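I would ask you to keep the model in view while I speak.

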Amino acid sequence: MSLFGEIAEVAARELKIMAKRPIYVAASVITMAFCTFFFLTFLGKGLPEDLPIGVVDLDGSSISRRFARELDASRLGKTVHYPDFVQARNDMQKGRINAFIVLPAGLNEDVMAYRRPVISYYVNSLYFVGGALAYKQALTMATLSSAAVQREVLRAKGMDEDKIMGMLQPIVIDAHQIGNATTSYQTTLCNMLIPGMLQMIAILLTIYCLGTELKYRTSRKLLELSGGSFGAAIIGKLIPLTVLMLMLGWLCDLLLYHWLHFPVAGSIWNIFLGTTMLVLASEALGIFILGCLPVLRDAISVGSLASMLSLSLTGFTLPVEVMPAPFTGLTCVFPLRHYYLFFIQEGIHATGFGGWYVQLLCFMAFLFLPLLVWRRLKNAYIRQDYPQN
C-alpha cells in the first residue's frame, strides 16, 4: 500500500474512534461554542454600565445636587445617595458600591468665595475593573465640575466664550483609539480570548488523540495499520482533528469579523491564515509535550498549565515589556503570543505580509518541535514501556 493509502487508513480509523468517543465533540465543538457564547454575551455591552457610586451630599446646595445628577446621567455611573460617611463606607466594604464621593458642607459658599473646597472620593480597588472605572468616572466628574464653576464665574465677569475656553482648556487633546474606537472590552478581550480557547483545545485534544494509543496499548496496532510508518500514523491520526479545529477557528473568525463586524483593518483571508498557523503550531506543541512526557495524565496536566499561562503571558492584558525579565523570554514559547503580534499588525495596522512575516516564521518554527521528541515518542509507541495511569 502507498504512503497516502496508509495515511487514509489511519485517518478512517481515527474518524471511527472520534464517532465512538463523545469527548471529541464535547471538548471541541461544545466547549468552543460555550466559551464563544459566554465571552460575547458577558462582554456584550462593551463596557460595564451603571456602576453603583455613592454620593454623600453634606451641602445640599444647587451645585452639589447638580453634581449628583450629572454623575447619575453618565453611562458608567449610577448614583446611590447616603446621609453620612459611615453608611457609605460600610456599603463599599460589603461590595454594594464601587466608590463613593463626599461633597463637603459649605461647598457652594466656598466656591462662590474662591476658597477651593475639597471633594473627597474613596474607591474600592479590590475589584480591578469596577474600581478603576469608578475612579476614572469620579475624577472626570470632579474635573468637569471644577471647570463648569470656573466658566460660570468668568461669564459673570463678562469674559467672552473664546477666552473662557482658552483659559479652561488651553490645549485640546485629539485622541484616536486605534482599533477600538468605542473603548469596548468585548473588542479588546474577545479577539484574544477566543483564539486562546482554540489554542487550548488544540493542544489538549492533540495530546489526548495521540496519548490514548499509549494509555489503551493500541499503538502497535496503529503502527501495523500504517505499514510500520510512524509518520503516517501521526499524520493520519491528526488529519481529522486538524480539519475539525480549522473549521472551528474559521467559523469563529467569520462570527467575529464578518457577522458581528468586529473592527479589523486588514484582510479576513490573512486572519484565516493566522488562525490556521495557530492551530498547526498548537498541535505541534501538543505533540512535543506528549513526546517529553509519554503518559497521558502527565501530558494533559502540562498542556493545561501551558494553555492557561499563555493567556496571562500573551501581552494583551499586561504588556510584555513591563513583565519581569524571566517571563519576557518565556512569552515566545506560546503560539498565542505570536498570534497576538500577528493580529496587531494585520487586524489593527493592516500592514500585510511585510508586517507579520516574522510571526509566520515563528509559527513555522513550532512545526519543527515534534522532531525533537520524534524518536522518544516513536519508541514509546513501539515498546509501550510507560505507565498507563
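**The sheet and its helices**

Gly54 stands opposite Val80 in β2. The model is a predicted one: local features need pLDDT of at least 70, side-chain atom pairs count only at pLDDT 80 or more, and totals for chains, interfaces and linings use all residues. Residues are numbered from 1 along each chain as its sequence is written, and side-chain values use heavy atoms, with hydrogens and water left out.

Strand β1, residues 51–57, pairs with β2 in the parallel sense over six bridges. Strands here are DSSP E runs of at least two residues and helices are H or I runs of at least four, numbered from the N terminus; two strands pair if DSSP finds at least two bridges between them.

Helix α3, residues 62–73, lies across β1, β2 and β3 (99–103) and runs at about 140° to β2. Helix α4, residues 85–93, also packs on the sheet, where it touches β1, β2, β3 and β4, and its direction makes about 170° with that of β3. Contact means heavy atoms within 4.5 Å; axes are lines fitted to C-alpha atoms, for helices over the stretch in contact, and angles run from 0 to 180 degrees between N-to-C directions.

The sheet is open, with four strands in the order β2-β1-β3-β4 and mixed pairing. Because β2 (77–82) and β4 (120–123) each have a single partner strand, they stand at the edges, with one side of each left without a neighbour in the sheet.

I turn now to the salt bridges. A salt bridge is a side-chain nitrogen of Lys or Arg within 4 Å of a carboxyl oxygen of Asp or Glu, and by this rule the count comes to six. Glu213 forms one with Arg13, the closest N and O atoms being 3.0 Å apart. Glu213 lies in helix α8 and Arg13 in helix α1 (residues 3–20), so the pair ties together parts that are 200 residues apart in sequence.

Lys237 forms a salt bridge with Glu14, with the closest N and O atoms 2.4 Å apart. As Lys237 belongs to helix α10 (residues 230–259) and Glu14 to helix α1, this pair ties together parts 223 residues apart in sequence. Is this pair buried or exposed? Both Lys237 and Glu14 are buried, buried meaning under 20% relative accessible area with a 1.4 Å probe, protein chains only. Arg13, Glu14, Glu213 and Lys237 are linked in a network of salt bridges.

Terms used: Buried means under 20% relative accessible area, exposed over 50%, partly exposed in between (1.4 Å probe, protein chains only).
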